[in-house]
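Subject: Structure for you to look through

Dear colleague,

Please find below the structure I promised to pass on.

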Amino acid sequence: MTIYDYLKLALRHSFMIIIITLFCTIGGYFFSRNFNPLPYQSTLFISIGVEDKNNKLSSSYENIQAAEQVTESIQGWLKDPSLINQIYQESELNWPITAKKQEKNNLLITFPATEPQTAQIFSDQIINQLSQRLTQYNTNSDLKINLATTNLNVSPQSSKTIFIILI
């Protein structure tokens, strides 16, 4: 078959091709609207502070090293199913949490959210649960660890509608 024959075949079935294209485009649009029910990306930035209760650490450098190691421990706590379940139960929200260590004694906790107000509620529960764990940890160790600063940033995610429709 030549290209001319293919074009003739496409013109003969052009009505069906247009209907199928419109159906797929409309289906893609509705799929993309329901594809991302959590349109906000939230980032909770936490700085960890460490103080030696018994002054066993001789320098501020050792305090910073201890803070780094504790930050890695707290990052591991955020993979603990019991802690995650407590956060879910207290906030009545069930969003996935990811945590990664940022430079030195900083921790970035990210999660999706439906709106900024609920992101604040979820963030408050994360901070409360971490504070409770740190209180338990502080009573059993020679270090006093605290959440020095916490900042929440909630930003809208970009829409993927056009990308999904094009696919």
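What follows is a short account of what was found, going from the overall layout to individual residues.

Please bear in mind that this is a predicted model, in which local features need pLDDT of at least 70 and side-chain atom pairs count only at pLDDT 80 or more, whereas totals for chains, interfaces and linings use all residues. Residues are numbered from 1 along each chain as its sequence is written, and side-chain values use heavy atoms, with hydrogens and water left out.

The protein has 6 helices and 4 strands, where helices (H or I, at least four residues) and strands (E, at least two) are DSSP runs numbered from the N terminus. Along the sequence they follow the pattern α-α-β-α-α-β-β-α-β-α. Of the 167 residues, 32% are buried, a word that here means under 20% relative accessible area, with exposed meaning over 50% and partly exposed in between (1.4 Å probe, protein chains only). Among the contacts with a separation of 6 or more, 75% join residues 24 or more positions apart; contact means heavy atoms within 4.5 Å.

The largest nonpolar core has 31 residues, a nonpolar core being a set of buried Ala, Val, Leu, Ile, Met, Phe, Trp, Tyr and Cys residues joined through side-chain atoms within 4.5 Å. Ile46, Ile74, Ile109, Phe122, Ile126 and Leu130 touch the most other members of this core. At least two core residues each come from strand 1 (40–52), helix 3 (60–77), helix 4 (81–91), strand 3 (106–113), helix 5 (116–139) and strand 4 (143–156), and helix 5 gives the most, with 6 residues. Leaving out residues up to four places away in sequence, Ile46 touches Asn105, Asn106, Leu107, Ile109, Leu130, Leu147, Thr149 and Thr150.

The aromatic residues deserve a paragraph of their own. A search of the whole structure finds 5 aromatic pairs, where rings of Phe, Tyr and Trp (its six-membered ring) pair if their centres lie within 6.5 Å, and planes under 30 degrees apart count as stacked, over 60 as edge-to-face and the rest as tilted. The rings of Tyr88 and Phe122 are stacked, because their centres are 6.3 Å apart and their planes are at 20 degrees. Since Tyr88 lies in helix 4 and Phe122 in helix 5, this pair ties together parts that are 34 residues apart in sequence. Phe122 also forms an edge-to-face pair with Phe111, at 4.9 Å centre to centre and with 65 degrees between the planes. Phe111 lies in strand 3, so its pair with Phe122 in helix 5 ties together parts that are 11 residues apart in sequence. Both Phe111 and Phe122 are buried, and Tyr88, Trp95, Phe111 and Phe122 form one aromatic cluster.

Ser123 is also found in helix 5 and counts as buried, because its relative accessibility is 1%. Apart from neighbours within four places in sequence, Ser123 is in contact with Leu44, Phe111 and Leu152.

Finally, strand 3 is largely enclosed by the rest of the structure, because 7 of its 8 residues are buried. Strand 3 pairs with strand 2 (residues 98–102) in the antiparallel sense over 5 bridges, two strands being paired if DSSP finds at least two bridges between them. The two strands form a hairpin with 3 residues between them, and Lys104 in the turn has a positive phi of about 55 degrees.

With best wishes
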